[in-house]
Amino acid sequence: MTLTDFRVEHRYLNLPDAFYSRVYPTPLHQPRMVCFNSALAEEMGVAVDEPEQWAAIGAGQELLEGMDPVAMKYTGHQFGMYNPDLGDGRGLLLWETVGPDGRRWDWHLLGAGQTPFSRFGDGRAVLRSSIREYLCSEAMHFLGIPTTRALFLVSCKDPVRRESIETAATLMRVAQSHIRFGHFEFAAHHQGKDALQALTDHTIGLYFSDLEALPERQRYHRWLAEVVKRTARLIADWQAVGFCHGVMNSDNMSIIGDTFDYGPYAFLDDFDAGYICNHTDQGGRYAYNRQPQIGFTNCQFLARAMAPLMEEDDILDALRHYEQAYNDHFLDTLRRKLGLAETREKDIDLIMETFSMLHEHHVDYTLFFRGLSNLASKGPAPIRDLFVDRQVADNWLERYQERLKEESRSDAERETAMRAINPKYILRNYLAQQVIQDAQGGNYEPMHKLLEVLKLPFDEQPENEAYAAMPPDWGRHLNISCSS
Ligand code: AMP
Ligand code: MG
């Protein structure tokens with residue numbers, strides 16, 4: 001194996017000891033490389049002759065020279081309740097690398113075995129959930145939404161008990177940062193001001209370095225405002241693409257604004273504003289239409305943790321950016337999805353009414369916007385066909401086309417722009433479910449094929465039409481288990 005073009009660092013280990021615990025992976029057996037992300041490896045400066053050589057590292061049987069694995073300590077609010085006992089319970093930060101383009105990468109081996117933060121868990125991840133994270137983090141990336149990435153996935157023979165007996169797998173999750181809102185809650189509520197300051201300075205130094213030179217008060221103020229804005233924009237991206245995260249606990253919120261920790265997530269098929277993708281979330285705390293509010297609540301948890309370091313006024317001011325950032329980004333994205341380059345006051349009403357209509361008539365969210373992107377060239381049939389009551393579609397289309405008359409772009413220009421923001425291919429739950437079943441039977445080809453399709457979500461890919469289809473009856477409202 002040649003490891004060429006990256007530098008190894010362990011900057012996280014410069015933090016006070018309380019932030020981590022050194023733990024070695026507990027080896028798994030008979031590993032097999034399921035999926036290796038060669039393109040990403042190349043970006044990271046990792047030269048790979050033979051992906052299979054990474055299987056032993058994935059299985060926790062070997063470490064590369066220089067790896068110094070730790071479980072990170074953090075706390076957080078889970079379903080609104082503060083939990084002081086969190087931390088990496090089944091994942092280890094192996095090292096940090098800096099690639100040829102200067103980008104930093106945390107290497108986090110998910111499913112590596114028990115740690116001091118495992119509580120009652122076995123420290124493992126199953127093949128099913130590892131595939132779900134691999135697929136979705138890559139799908140998100142190619143949709144242009146900030147996210148952690150997947151470098152490789154290894155499947156092992158070891159049995160793991162969930163609702164039934166499954167098999168173990170590990171995922172090498174990579175990201176610019178694995179620091180969560182919950183790290184700050186841990187520092188503030190259990191370690192005191194010095195630790196909080198060390199964590200904040202570390203975070204700003206590595207990921208917000210353009211703020212580093214500012215005087216302290218301004219630095220923290222601007223930083224918190226930036227985190228709040230990134231969070232707001234991320235959630236606006238989710239809403240616009242019809243993504244439901246499912247477990248928006250503050251320990252699952254990335255400090256750099258990545259989509260983080262893929263559990264029982266879902267992309268909406270037919271639009272349902274109150275959709276709950278996590279079947280253990282009985283109250284619907286993390287329902288699709290609650291995500292913007294919950295994002296703000298999580299920012300409040302983070303802001304509260306910053307109280308020892310910041311003036312009250314600065315904290316409140318930073319939080320005030322949330323609503324504006326969310327609204328601006330959401331409206332801007334929806335305008336683009338609708339192909340509206342001119343700005344009109346009344347567009348907000350059109351957008352809101354569109355959502356109400358999609359909800360009321362259970363219209364497939366992705367196919368609706370994709371159909372609109374081809375309205376002039378392919379006609380209204382693909383859109384009308386999504387409605388049981390065609391009259392509803394016709395009324396809406398009439399109004400929409402009236403509005404398009406105020407646009408100055410040509411139809412062709414508008415369609416090209418719309419096709420670049422309205423994906424044809426998303427990771428529908430049933431597609432994930434199918435490839436998981438094949439993988440559990442030892443056939444990984446369908447997963448590879450699906451990944452290829454998801455890499456070009458905005459392309460027509462006529463040969464892959466089947467992947468754009470609405471779910472079959474069995475694939476609607478699948479009960480995705482939270483257990484992973
Ligand atoms: P999650 O719901 O995946 O965000 O996990 C919440 C917390 O539970 C984190 O501290 C995880 O590390 C921990 N955890 C989840 N699954 C396991 C497991 N199988 N073994 C040990 N810890 C786990
Ligand atoms: Mg988590």
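**Terms at work**

Q: What makes strand S8 (residues 104–110) mostly covered?
A: Seven of its seven residues are buried. Buried means under 20% relative accessible area, exposed over 50%, partly exposed in between (1.4 Å probe, protein chains only). Strands (E, at least two residues) and helices (H or I, at least four) are DSSP runs, numbered from the N terminus.

This is a predicted model: local features need pLDDT of at least 70, side-chain atom pairs count only at pLDDT 80 or more, and totals for chains, interfaces and linings use all residues. Residues are numbered from 1 along each chain as its sequence is written, chains are lettered from A and ligands numbered from 1 in the order in which they are written, and side-chain values use heavy atoms, with hydrogens and water left out.

Q: Which way do the residues of S8 point?
A: Arg104, Asp106, His108 and Leu110 point one way. Trp105, Trp107 and Leu109 point the other way. In a regular strand the side chains alternate between the two faces of the sheet.

Q: Why are S7 (residues 91–98) and S8 called paired?
A: Two strands pair if DSSP finds at least two bridges between them. S7 and S8 have seven, in the antiparallel sense, so they qualify. Leu92 stands opposite Leu109 in S8.

Q: How many bridges join S8 to strand S11 (residues 165–175)?
A: Five bridges join them, and the two strands run antiparallel. His108 stands opposite Arg173 in S11.

Q: Why does Arg403 count as buried?
A: Its relative accessibility is 5%, and the cut-off is under 20%, so Arg403 is buried. Arg403 is found in helix H13 (residues 390–404).

Q: What is the largest nonpolar core?
A: A nonpolar core is a set of buried Ala, Val, Leu, Ile, Met, Phe, Trp, Tyr and Cys residues joined through side-chain atoms within 4.5 Å. The largest has 124 residues, and Phe368 and Leu372 have the most contacts inside it. Helix H6 (residues 216–241) gives the most to this core, with 13 residues.
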